[in-house]
Every structure is written in structure tokens, then in C-alpha cells.
Amino acid sequence: MTWLAFGPLYFYWHYTKGARDFFVVWKNLLWFEYHFFSIPVMFQTLFVPFRRMAESYPKLLDIEEFFSAFVVNILMRLVGAVIRLGIIIVGASLWLILLLVGVLAFIAWFILPVILVFMFVSGIYHLF
């Protein structure tokens, strides 16, 4: 392959297969981040007790033990909900950041070769 054919072949690859591969990688990163934080599972199990810690209720009618178990179970569910909501917020925020960075990188993917050619031509023009 001659050096003269390298430029057009590179631009052809960059704007066809390279752009398609960039989009595929970006889509895979978004999928991975979404599933890494298990956002659907976090919503489904939002009020499950934290680490499934729960007190069992007494067999006999003992009001003090009943309310003690009730309060502990409610607190464990609230702790689980707060932790899961935090994970959902962090995961959704990172997903949105990754989405925006991907859009900006995709735009840069299309602009940078043109800027490179412009800079090269501008540099040669200023030599003379």
C-alpha cells in the first residue's frame, strides 16, 4: 500500500467501521454500568430488609417482644431502602455521565480528523 492511499483508506475506516465500532463499545459500556449497579433489581427489592436481617415474631402473645421485633424489622427495611436508593442514585448518575461523555466523545470522533487535516494544511501554508 502506498502512502498516498493511506489517507483516504484511513478516513473511510474512521467514518464507517471505526464509528460503528465506537458506537458498539459505548453501548456495551452503558449496558455494563446499568447492570453493574443492578438498578432493576434494586427497585424490585427496595424494601427488603438490609442483608435480610430480621427478627422473628414471638409465638406467644408478648406485646413487648412483638413491638421490639416490629421496630427492628421496620428499621432494617428502612436501612435497606436508604442503601438501595443511594446505589440507584449513584448508578443512574454515573450512567448519565457516561452517556454524556459518550456523546461528546462521539462528536470528537467525527471532528478530530478534520481538525488534524486543517492543522496540517495550516502549518504547511504558514511555512511559505
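A salt bridge is a side-chain nitrogen of Lys or Arg within 4 Å of a carboxyl oxygen of Asp or Glu. The model on screen is predicted, so local features need pLDDT of at least 70 and side-chain atom pairs count only at pLDDT 80 or more, while totals for chains, interfaces and linings use all residues. Residues are numbered from 1 along each chain as its sequence is written, and side-chain values use heavy atoms, with hydrogens and water left out.

Select Lys-17 and Asp-21 to begin, where the two side chains meet in a salt bridge with an N to O distance of 2.9 Å; a search of the whole structure finds one such bridge. Both residues lie in helix H2, four residues apart, which is about one turn of the helix (helices are DSSP runs of H or I with at least four residues, numbered from the N terminus). Lys-17 is partly exposed at 41% relative accessibility, and Asp-21 is partly exposed at 33% (buried means under 20% relative accessible area, exposed over 50%, and partly exposed in between, with a 1.4 Å probe and protein chains only).

Most residues other than glycine have a negative phi. Ser-38 is partly exposed, with a relative accessible area of 25%.

Finally, select Glu-55, Asp-62, Glu-64 and Glu-65, which form a negative surface patch (patch residues have over 30% relative accessible area and no salt bridge, with like charges joined within 9 Å and nonpolar side chains within 5 Å). Among them, Glu-64 lies in helix H4, residues 63-127, and counts as exposed because its relative accessibility is 65%.

Technical notes
Accessible areas come from the Shrake-Rupley method with a 1.4 Å probe; for residues, only the protein chains shown count as cover. Lys and Arg count as positive and Asp and Glu as negative; His and the chain ends are not counted. The place of a charge is taken as NZ of Lys, CZ of Arg, CG of Asp or CD of Glu. Helices (H or I, at least four residues) and strands (E, at least two) are DSSP runs, numbered from the N terminus.
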